[in-house]
Amino acid sequence: MADATLPAPPTVGIKIPEGRSWIALEIGRMREAARGRAAARKRATSRKKPIGLLHVDDAQFQKAALIVAVNAPQQFGRLDEIILRGRFVLRGEDVATLDELVHEAVRIAAIGFDGPGPHPSELTALDGRIIYAADFLQRREGEIARRRYARGLLGGVTMTFFLLLLIGAGGAAVITLWRHGPMPVDQSEALRDVLVAVGAGAAGACVSVMLRMHRMHNLTIESAARGAAIYRIFLGWFFAAAVVFFLKSGLLAGIFTVPDDHIASWFFWGAVGFLAGFNERWATNLISRGPGSTTEGTHGHPAPDAPDAAKPPTA
């Protein structure tokens, strides 16, 4: 009876008002989820020290690898190259999958080679496993490289958006302050044309790179650096701006006729900027030829053809 009259023990922690309990729980869940994602990214991006097949800690596998290295040195060297390249390029489960493919190939080949030679059937089977592992590495490397390049293109497009805002606001402010009054209509339209062309040039550069990557089967991780994608966006900017300046200045007046209508001119400069960013050879050939020429470049030589679609992205 005495125990029943004792007061309840105090609760540990901070008591949250009932009206805010749901919000506090959701904030806690969000923090835990963020920590989990950060830990998963850290595990996925953690790099193992690249070691060859003869330097693993497993003594039994090391013995099998030595047998394969003695009986099939060329194939063993290829397996060693595949696994070293995979540990440099791949991450997470892809590394584990490639390791298992290569290790299984070594184990099975060692069982076949553990006896008097020659071993033509074992060599043929080992070649098949090498082809399969190399194909897996090539496909996964191509997918990773395309995603990396796409992230670089997205960064370039985002940078283009902010650049256009900066150029538009800064240009309008400078012209207004210079004139000590509102910007004239013709100057505002000229600024608009440049911004439209530069933005379209970035879009053309993105489409050009994406088409080239789609037709490339052996895309390596080195050729798909993020800086290379942004560099390609920069080229789209500069080529589009250069074509606008040459047309606006009248140096290429005999090649194109700029529409007088405001809406039509907007589409015209967008198309010109897109073509300049999409096809750098078209832009350079357009700038280099004379006003009255349509089929020849400088010094009477034929104009360059369109760029090959299988050409790798500019690094």
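Predicted model: local features only at pLDDT ≥ 70, side-chain atom pairs only at ≥ 80, totals over all residues.
Residues are numbered from 1 along each chain as its sequence is written. Local features need pLDDT of at least 70, side-chain atom pairs count only at pLDDT 80 or more, and totals for chains, interfaces and linings use all residues, while side-chain values use heavy atoms, with hydrogens and water left out.

**View 1. Helix 3 alongside helix 5.** Here you can follow helix 3 (residues 73–89) and helix 5, whose axes come within 10 Å and cross at roughly 20°. Axes are lines fitted to C-alpha atoms, for helices over the stretch in contact, and angles run from 0 to 180 degrees between N-to-C directions. The two helices are therefore roughly parallel (angles under 35 degrees). Among the residues that meet are Arg85 and Val89 from helix 3, and Leu137 and Glu141 from helix 5. By class, this contact has 10 nonpolar, 2 polar and 4 charged residues (Ala, Val, Leu, Ile, Met, Phe, Trp, Tyr, Cys and Pro count as nonpolar, Asp, Glu, Lys and Arg as charged, and the others, Gly among them, as polar).

View 2. Glutamate 141 sits in helix 5 (residues 120–179) and is buried, at 7% relative accessible area (buried means under 20%, with a 1.4 Å probe and protein chains only). Beyond neighbours within four places in sequence, glutamate 141 is in contact with residues including Arg85, Leu219 and Glu222 (heavy atoms within 4.5 Å).

**View 3. Leucine 153 in helix 5.** Further along helix 5 is leucine 153, buried at 5% relative accessibility. The C-alpha atoms of leucine 153 and isoleucine 233 are 7.3 Å apart, though 80 residues separate them along the chain.

Methods:
Helix = DSSP H or I, 4+ residues; strand = E, 2+ residues; numbered from the N terminus. Buried < 20%, exposed > 50% of the residue type's maximum accessible area, 1.4 Å probe, protein only. Parallel < 35°, antiparallel > 145°, perpendicular 65-115°, else oblique.
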